[in-house]
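User: I would like to go through one model by question and answer. Please start with the terms and then turn to the sheet.

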Amino acid sequence: MCLLHRSLVRQSDTKNTRSRAETATSLYLPHKERVKMIVLLGLMLGPLAGIVHCSPRCSPMDEALGECLIQREQKATCLDLSLGYCEDLPYTKTALPNLLNQKTREEIEFSSEYILLSVIDTLLGGECNPDIRLVGCSILAPRCEKGKVVKPCRRVCEALRKSCLPAFDAIDMAWPYFLDCDRFFVGEEEGCSNPLEKLRGNAEINVEESIPAMPTTFIHFTHHSYNQMVTVLKKTAARCSHIATTYSIGRSFEGKELLVIEFSSNPGQHELLEPEFRYIGNMHGNEVVGKELLTYLAQYLCSEYLLGNQRIQSLINNTRIHFLPSMNPDGYELAAEEGAGYNGWTNGRQNAQNLDLNRNFPDLTSEVHKIMRMRGARVDHLPIPEVYWEGKIAPETKAVMKWMRSTPFVLGASLHGGDLVVSYPYDYSKHPLEEKMFSPTPDEKVFKLLAKTYASAHPVISSAANARCGGNFAEKGGIINGAEWYSFAGGMPDFSYLHTNCFELTIEVGCEKFPTEDELYTAWQDNKEALLSLMEMSHRGIKGVVKDEFGNPIKRARISVRNIRHDILTGADGDYWRILVPGTHIVSAHALGYTKVIKKITLPANMIKPGRVDFTLRRTKTVQRPKFDSVPLEDIYDRFDPLDQFDPHKQHGPSGATEEGGEPSADREKPWWWTYFSTQGQNRPVWLLKNH
């Protein structure tokens with residue numbers, strides 16, 4: 001701390017030292033307290049480092065020899081502004097060194113700060129541009145007038161930060177240090193420059209006026225690149241943070257995050273008796289309409305919830321909803337290179353390993369067809385065959401399988417392109433040589449109900465006209481059994497039904513796989529109501545909790561329905577959901593070591609909410625195990641199954657390189673935008689990493 005008598009400097013020096021002192025102290029104090037602090041300290045402060053600095057007094061002899069740090073404003077030499085990304089600033093003269101103490105043009109152009117400004121439009125998906133770039137340029141190339149550097153205005157920085165910080169949060173990027181409003185910017189009273197005056201003139205920037213008083217559902221019906229999609233999803237989750245969040249279920253082969261947005265009254269965790277629903281889009285990289293529909297739907301749910309739409313509020317408050325808009329981002333990037341309207345039927349369909357993801361799941365359907373006639377054979381929650389792990393499995397497939405296991409999904413659908421129809425399992429024919437053979441599941445009635453729900457809410461799919469896209473399915477009401485359409489093994493819907501509790505449909509949302517942007521709004525209008533209606537179907541049927549006589553939940557208890565050879569297992573909290581068609585059903589609950597309880601229920605045709613059917617099971621000394629299956633339910637997922645050891649967030653492709661010695665590269669855990677700074681080597685901007 002400086003001595004008090006140092007504050008008693010000459011009146012002529014006070015004016016020169018004030019601006020620098022205020023800049024530094026503002027890192028620690030509110031603006032109104034700065035002047036008081038300056039008077040008490042009366043010292044020079046390091047404006048760039050933000051550290052209170054007090055140099056020893058310089059003797060006249062040392063000062064004459066130039067061996068002292070002169071604590072006065074230094075005259076600047078004004079130079080022509082020649083930085084390419086900063087040439088549209090409202091002034092033409094700058095000075096070196098700049099406010100970051102970069103001394104040459106070359107040093108600036110090769111700095112991380114300048115590279116950031118050159119790519120910021122791409123990283124933020126066009127948000128906050130050119131404002132963010134111009135304000136950043138005012139630090140790298142500050143205004144110079146009459147031999148003096150004029151710092152940018154603090155009010156401009158503060159307004160920019162308020163409006164643009166969500167865009168940085170959306171891509172997990174920290175606010176750039178050189179846009180610290182207190183450190184590098186000054187107040188109006190000190191004489192400052194407005195780097196945005198060309199955009200807005202000298203009018204005051206009022207951020208409150210730029211934000212609508214009431215949220216509105218405003219969606220840009222455009223194609224989104226992978227980066228733009230991520231930005232939109234994260235900004236949507238940030239806007240509705242009380243009901244939404246984003247999370248990653250893993251990485252693609254080339255290292256892109258498989259990003260999910262979730263909507264729930266308590267985002268981030270399962271709630272007792274609340275069903276979980278999922279939509280998956282872009283499984284085939286060149287089938288892009290589903291990806292865009294889910295991106296639009298996420299924005300719609302957020303906005304409508306905030307606007308007080310009772311239907312949307314009820315849906316979100318009572319359902320945990322998950323959207324994975326792009327399961328195959330690598331394939332999408334390849335398909336997008338050809339452009340909308342030009343993509344063929346194959347380019348980008350597969351992932352980066354040239355694998356069709358909808359043929360890459362374990363084939364459990366063949367096993368079911370073999371054992372269906374065996375009395376007592378289990379035909380649900382089948383383990384993954386050991387031989388499956390000997391094949392080539394995509395990381396995207398493994399990530400989705402692990403996601404299916406970790407979340408108690410009740411209902412879901414994958415959105416595809418190339419036709420207009422709703423398909424349901426089985427997709428693989430019970431006679432492999434028969435390519436078009438009706439092959440129903442035990443839940444044929446349930447699947448038809450679900451498929452008809454979507455089809456009837458879609459104005460084109462439900463149309464009886466046959467001279468149209470999807471018209472060949474008009475006679476069947478726009479729905480079809482998958483194997484009857486065409487047979488294939490390794491599909492996701494069959495696996496979901498036979499390995500988990502989740503019923504899954506395949507929805508073909510349009511005959512063009514990669515349409516032009518002018519067709520996207522029509523696709524949204526056609527599918528919006530159908531997408532909402534199917535989510536609401538997760539509440540059809542019954543739900544309940546299975547407990548023992550002491551009130552303890554029973555995990556993996558079986559819920560059976562007479563004449564439907566497909567059981568549902570209870571979750572960790574003993575809760576379950578069972579989608580059923582209207583009518584009378586005989587439902588039972590049983591578990592190893594407990595007595596069996598049977599109940600008769602009747603579901604009305606017009607029911608909206610699920611019926612509540614709880615079970616209390618009593619322990620029994622006699623343990624009877626099904627004759628056909630000698631494997632305990634607790635071990636069903638562990639048999640011959642390395643999936644639990646799979647790390648879904650590990651990169652597998654070229655971008656997942658290792659360091660010398662075989663150690664994983666540190667870049668693997670960095671955000672996707674980190675590669676934009678690869679030319680910086682070890683000098684990359686760690687200050688942009690939130691966890692740094």
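Analyst: Two strands pair if DSSP finds at least two bridges between them. Helices (H or I, at least four residues) and strands (E, at least two) are DSSP runs, numbered from the N terminus. The model is predicted: local features need pLDDT of at least 70, side-chain atom pairs count only at pLDDT 80 or more, and totals for chains, interfaces and linings use all residues. Residues are numbered from 1 along each chain as its sequence is written, and side-chain values use heavy atoms, with hydrogens and water left out.

User: What is the strand order of the open sheet of eight strands?

Analyst: The pairing in this open sheet is mixed. Strand 7 (244-251) and strand 13 (479-481) each have a single partner strand, so they stand at the edges. The order is 7-8-10-9-11-14-12-13.

User: Is L315 buried or exposed?

Analyst: L315 belongs to helix 12 (residues 310-318). Buried means under 20% relative accessible area, exposed over 50%, and partly exposed in between (1.4 Å probe, protein chains only). With a relative accessible area of 5%, L315 is buried.

User: What separates the C-alpha atoms of L315 and E536?

Analyst: Leaving aside neighbours within four places in sequence, L315 is in contact (heavy atoms within 4.5 Å) with I321, L532, M535 and E536. L315 and E536 are 221 residues apart along the chain. Their C-alpha atoms are separated by 6.9 Å.
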